[in-house]
Amino acid sequence: MRLAGVVGHERIRTILSRALERDRLPPALLLSGPDGVGKKTLALAAAQAALCEAAPAPEPCGECPTCRRVAAALDPAHLQEQREEADRHPGDDEWRNFRLHPDLVLVEGWRLTRTGRPRPEPEIRVGQVRNLVAEVAGAPFEARRRVFVVDDAHGMNESSQNALLKSLEEPPPRSHLILVTARPQGLRQTIRSRCQVLRFGPLGRSAVAAFLTEQQGVAEEEARLRAGLAAGSLGAALAFESEGYKTLREGLLSLLEGVGDLDALARMEQAEVLEQAEDPAFLLTTLRSLLRDLAALRAGASPGGLLNADVAERLQPLAAGSLGARAGVLAENVAGTRSALRGFANKLLTFDLLVDDLSSK
Ligand SMILES: [Zn+2]
């Protein structure tokens, strides 16, 4: 895994490469930024470079025994096995500290509770952090350095964060901590202030699309569609399942085309259909992308630049009609609906209001 192989974030990659080349990787780094943009990938590439037998160098060599060992440990199937093994031992906190090499540990949050129920947010338990703190204090076993990568660092609760502070206050000379988080506000100020912070922005649409076509062999039109919907997250663009999406979008397009003619009863039925959607948040994201395209067309945008450029011919008559005139406001309302559903709003009532909103003239 090379730092140069990570999509985007040129500035951050350069800073890290220079630090590695000068053998000056900071003792504590905090990589913060949206999910799915490559923070953890870059953290692990930097860790591998610090351990590599050719270090100090700006990149891991990829060929020495250490590099090979780390690469094998990071094989997705192998990691998945370890996660499943950890889930079979929910009482032993440190099972989610994965040792990728004697001197490289990846700490991940628990996605299940001790009783096996899925957690809304990953949890990094205090036992994991105590184990980590003890390790950080030790000298390297084999490599020149020891690196500890903590993914979803915001998953540390109060006592976990307190336990970690000790390592940050007296960083041992050859150990490095790299915290990775999409929610830095979930970390105490005392932790953030002891780390060198690198802030990742979302990836540009064209960078995501280029990666999909060049590295994944995705067709150009499809890559553009996925990149537009993924809002700067390569992870989301990769996970995107396009057949399901197209079916969903087809349903919403038909709704937009016919919604002006629906009577009160038909509107209620339509709301019930929406309420049954498997992933209401994704449905609303899709609806919003269609409405934003209508607003853009109404404002004179060229069809080629739309998120849903492949259905521009169906969007154009809608944009010219009464829906087009309100599309900008409606798109914002849909964003509001999405956050309401994350709270305690009644789902059916929320969709009732949404369909009424779409059909009013
Ligand atoms: Zn190497």
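1. In this predicted model, the axes of helix α15 (residues 322-342) and helix α16 come within 10 Å of each other and cross at roughly 170°. An angle over 145 degrees counts as roughly antiparallel, and α15 and α16 are therefore described as roughly antiparallel to each other. On the side of α15 the contact is made by Leu323, Arg326, Leu330, Asn333, Val334, Thr337 and Leu341, while α16 contributes Lys347, Thr350, Phe351, Leu354, Asp357, Leu358 and Ser359. Sorted by class, the residues of this contact between α15 and α16 are 7 nonpolar, 4 polar and 3 charged.

2. Helix α16 (residues 347-359) also packs with helix α12 (residues 264-275), here at an angle of about 125° and with the two axes 8 Å apart. The helices α12 and α16 are therefore oblique to each other, and the crossing in which α12 passes α16 is right-handed. The residues that α12 brings to the contact are Arg267, Met268, Gln270, Ala271, Glu272, Leu274 and Glu275, and those of α16 are Lys347, Leu348, Phe351, Asp352, Val355, Asp356 and Ser359. In the contact of α12 with α16 there are 6 nonpolar, 2 polar and 6 charged residues.

3. Is Ser359 buried or exposed? The relative accessibility of Ser359 is 11%, and because buried means under 20%, Ser359 counts as buried. Ser359 and Ala301, by comparison, are 58 residues apart in sequence and 24 Å apart in space, taken from C-alpha to C-alpha.

4. Turning to the strands, 6 of them form an open sheet with mixed pairing, in the order β2-β3-β6-β7-β1-β8. Which strands are at the edges of this sheet? The edge strands are β2 (97-101) and β8 (196-199), each of which pairs on one side only. Neighbouring strands of the sheet are turned by 20° against each other on average, if direction is ignored. One of the pairs is that of strand β3 (residues 104-107) with strand β6 (residues 146-150), which pair in the parallel sense over 4 bridges, with Val147 in β6 as the bridge partner of Leu104.

5. Strand β1 pairs with strand β7 (residues 175-181) in the parallel sense over 5 bridges, and in β7 the bridge partner of Ala28 is Leu177. The strands β1 and β8 also run parallel and are joined by 4 bridges, with Leu29 standing opposite Gln196 in β8. How many of the residues of β1 are buried? The count is 5 of the 5, so β1 is largely enclosed by the rest of the structure. Both faces of β1 are covered, with the buried residues Ala28, Leu30 and Ser32 on one side and the buried residues Leu29 and Leu31 on the other.

6. Within strand β1, Ser32 has a relative accessibility of 7% and therefore counts as buried. Leaving aside neighbours within four places in sequence, Ser32 is in contact with Lys39, Thr181, Pro184, Val197, Leu198, Arg199 and Phe200.

7. Some backbone details remain to be checked by eye. His9, in the segment before α1 (10-21), is a residue other than glycine with a positive phi, near 55°, and at 11% relative accessibility His9 counts as buried. Asp23, in the loop between α1 and β1 (28-32), likewise is not a glycine and has a positive phi of about 60°, but with a relative accessible area of 29% Asp23 is partly exposed. Finally, a cis peptide bond with omega of about 0° joins Ala55 and Pro56, and Pro56 lies in the loop between α2 (39-51) and α3 (65-73).

Methods:
Residues are numbered from 1 along each chain as its sequence is written. This is a predicted model: local features need pLDDT of at least 70, side-chain atom pairs count only at pLDDT 80 or more; totals for chains, interfaces and linings use all residues. Side-chain values use heavy atoms; hydrogens and water are left out. Axes are lines fitted to C-alpha atoms, for helices over the stretch in contact, and angles run from 0 to 180 degrees between N-to-C directions. Helices (H or I, at least four residues) and strands (E, at least two) are DSSP runs, numbered from the N terminus. Angles under 35 degrees count as roughly parallel, over 145 as roughly antiparallel, 65 to 115 as roughly perpendicular and the rest as oblique. A crossing is left-handed if the near helix is turned anticlockwise from the far one by less than a right angle, and right-handed if clockwise. Contact means heavy atoms within 4.5 Å. Ala, Val, Leu, Ile, Met, Phe, Trp, Tyr, Cys and Pro count as nonpolar, Asp, Glu, Lys and Arg as charged, and the others, Gly among them, as polar. Buried means under 20% relative accessible area, exposed over 50%, partly exposed in between (1.4 Å probe, protein chains only). Two strands pair if DSSP finds at least two bridges between them.
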